Amino acid sequence: MAGVGLVALAARVAGRSWGWSAVGFGLHQSFSALLARNSERAPRWLPGQCPKACRQKTSYSFLNRPNLPKLAYKNLKGKSPGIIYIPGYLSDMNGTKALAIEEFCKSLGHACIRFDYSGVGNSGGNLEECTVGKWRKDILSIIDDVAVGPQILVGSSLGGWLMLHAAIARPERVVALLGVATAADGLVTKFNQLPIEVKKEVEMKGVWTMPSKYHEDGFYHIQYSFIKEAEHHCLLHSPIPVNCPVRLLHGMKDDIVPWHTSMQVADQVVSADVDVILRKNSDHRMKEKADIQLLVYTIDDLIDKLSTIVN
């Protein structure tokens, strides 16, 4: 990758059960150290082990905004830096990763916020009227009006794209980023790769029917206007002015967002403190037990790193 001095970290964890490799974009502590920590730092539940209480309906708080849809959120109060989880496309705040992060933050005593985009889950708004730009405003509203102090943003898929925008807009509040299958420019890139006749058909109909095994219907209906608006938020064509630590986790079996996208993001962010961690056998969702462990340990490492900087 031009313009970036790659430092290969030969990460061999005891037992070799993780199946991941790390590429460092900057000199700092190796990830092998964080994985060697006491297992009690792991979340108290993992996929398949979550008690029923985790999944029961719970009450949400709502952020009322003038002339904008109200946002549903859960705010676990605690120490700084806080963690804000930003879901993927059409995902809500009750996914496996969101709940695992909250439980982990609770075990550490750190603040954690999870929320629903406008038009999704328990938030107000009409999904067909939503855009990348409006969801960007949702995140900034959470940072400005709900969160307290410095924040680590954890973005999954589309949330990884949006976390970059939030870091650009609020550099004084966002102190670290953790992307999971970061889909920077993802929907625009995917649309542009379609045959020209298909793109013309989508433009005429006004809707793109995009196949997806992650939707119960087997496909998403995406407004053509959504794609055109999203073009104004693409980042990979130039340096990304993010200076905080960045960690990017990606599964090499991701058939939705190629893992090379995380490498592109790492190459374009101006921060020197960047790591890309690839899991050989993980898919787009990265929600298996080992994926979740890597996720929360990476959060733990960022908290420790930031605490060291402050102290």
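Colleague: By class, how many nonpolar, polar and charged residues does the lining of the largest cavity have?
Modeller: This is a predicted model, and a search of the whole structure finds 1 cavity of 30 Å³ or more. Its lining is made up of Lys 97, Val 180, Leu 249, Met 286, Asp 291, Ile 292 and Leu 295. Lys and Asp count as charged, while Val, Leu, Met and Ile count as nonpolar. The lining therefore divides into 5 nonpolar, no polar and 2 charged residues.

Colleague: Which helix gives the most to the lining of the largest cavity?
Modeller: The cavity has a volume of about 30 Å³. Asp 291, Ile 292 and Leu 295 are among its lining residues. The element that gives the most, with 3 residues spanning the range 289–310, is helix 10.

Colleague: How many of the 13 residues of helix 3 are buried?
Modeller: Buried means under 20% relative accessible area. In helix 3 that label goes to Thr 96, Lys 97, Ala 98, Leu 99, Ala 100, Ile 101, Glu 102, Glu 103, Phe 104, Cys 105 and Leu 108. Helix 3 is largely enclosed by the rest of the structure, because the number of its residues that are buried is 11 of the 13.

Colleague: What distance does helix 3 reach from its first C-alpha to its last?
Modeller: Helix 3 covers residues 96–108, which is 13 residues. At 1.5 Å a residue, 18 Å is expected. The model comes close to that, at 19 Å.

Colleague: How far apart are the end C-alpha atoms of helix 5?
Modeller: Helix 5 runs over residues 158–169 and has 12 residues, so at 1.5 Å a residue it should span 16 Å. The helix is mostly covered, with 10 of its 12 residues buried, including Trp 161 and His 165.

Colleague: Is Ser 157 buried or exposed?
Modeller: Ser 157 lies in the loop between strand 7 and helix 5. Its phi is positive, about 55 degrees, although Ser 157 is not a glycine. With a relative accessible area of 11%, under the 20% cut-off, Ser 157 is buried.

Colleague: Where does Leu 90 lie?
Modeller: Leu 90 is not a glycine, yet has a positive phi of about 65 degrees. At 27% relative accessibility, Leu 90 counts as partly exposed. Its place is in the loop between strand 5 and helix 3.

Colleague: From which residue's backbone nitrogen does a polar side-chain atom of Thr 131 lie 3.0 Å away?
Modeller: Thr 131 is in the loop between strand 6 and helix 4, and counts as buried at 13% relative accessibility. Leaving aside neighbours within four places in sequence, Thr 131 is in contact with Phe 226 and Glu 229. The backbone nitrogen at 3.0 Å from its side chain belongs to Lys 134.

Colleague: What separates the C-alpha atoms of Asp 144 and Arg 173?
Modeller: Asp 144 is found in helix 4 and counts as partly exposed, at 35% relative accessibility. Not counting residues up to four places away in sequence, Asp 144 touches Arg 170 and Arg 173. Asp 144 and Arg 173 are 29 residues apart along the chain, and their C-alpha atoms are separated by 8.9 Å.

Definitions and conventions. Residues are numbered from 1 along each chain as its sequence is written. This is a predicted model: local features need pLDDT of at least 70, side-chain atom pairs count only at pLDDT 80 or more; totals for chains, interfaces and linings use all residues. Side-chain values use heavy atoms; hydrogens and water are left out. On a 1 Å grid over the protein atoms alone, a cavity is a set of points where a 1.4 Å probe fits but cannot get out, and a pocket is an open set with protein on both sides within 12 Å along at least five of seven lines; lining residues have an atom within 4 Å of a point. Grid points are joined across faces, edges and corners, and a volume is the space filled by probe spheres set on the points. Helices (H or I, at least four residues) and strands (E, at least two) are DSSP runs, numbered from the N terminus. The expected span of a helix is 1.5 Å times one less than its number of residues. Buried means under 20% relative accessible area, exposed over 50%, partly exposed in between (1.4 Å probe, protein chains only). A polar contact is a pair of N or O atoms within 3.5 Å; within protein, one must be able to donate a hydrogen and the other to accept it, and residues adjacent in sequence count only if both atoms are side-chain atoms. Contact means heavy atoms within 4.5 Å.
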